[in-house]
Amino acid sequence: YILSGGGDGMLRLWEFNKVNDVEPAEGSNSCEIKPAAEVTLPGGGCIRGVIWDRRSWLVLSDAGALFRVALPINLLDSKGYGVQKLLELHAGSVLGAYTCPGEHVVITGAGDGTVRATDYRLAAAKSVAGIGQDTAAHNV
């Protein structure tokens, strides 16, 4: 499977073989394929990052929230996904993120001038650093 996230706040799951094998129609330069499943994040916002583990997706939105999406047994069951907001990370939009999957930590920088290290397994902030109110943290 291929998982994508977009500016519309939608997560889309694609079947790899269908994406790999699609051909344009005769006389056309483009192809159209429908996702196998779609999940909408509450509150929308652009999806900044996703970590896929065995039973869930951890999703970071640019609106400053971290979500856990519980996966159904059948990944093609669009109604079987459960979305839970774990925490609000920032007052402003998230501008950059770096994940440390081995440590279960995401480091985020935001328009509110803060850089945060958050343990996403425990849904708890580890540390917060301010870099100034008038300075946005663009690259983490």
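This tour moves through the salt bridges of the structure and ends at a patch on its surface.

The model is predicted, so local features need pLDDT of at least 70 and side-chain atom pairs count only at pLDDT 80 or more, while totals for chains, interfaces and linings use all residues. Residues are numbered from 1 along each chain as its sequence is written, and side-chain values use heavy atoms, with hydrogens and water left out.

Begin by selecting R12, which forms a salt bridge (a side-chain nitrogen of Lys or Arg within 4 Å of a carboxyl oxygen of Asp or Glu) with D8, where the closest N and O atoms are 2.8 Å apart. R12 lies in strand β2 (residues 10-14) and E38 in strand β3 (residues 37-40), so the pair ties together parts that are 26 residues apart in sequence; strands here are DSSP runs of E, at least two residues long, numbered from the N terminus. With D8, R12 and E38 selected together, you have a network of salt bridges.

Next, select E15 and K18, whose side chains meet in a salt bridge at 3.4 Å, N to O. A search of the whole structure finds three salt bridges.

Finally, select Y1, W52 and L76, which form a nonpolar patch on the surface with about 300 Å² of accessible area together (Shrake-Rupley method, 1.4 Å probe, only the protein chains shown counting as cover for residues; patch residues have over 30% relative accessible area and no salt bridge, like charges being joined within 9 Å and nonpolar side chains, namely Val, Leu, Ile, Met, Phe, Trp and Tyr, within 5 Å). Y1 is found in the segment before β1 (2-5).

Key:
Helix = DSSP H or I, 4+ residues; strand = E, 2+ residues; numbered from the N terminus.
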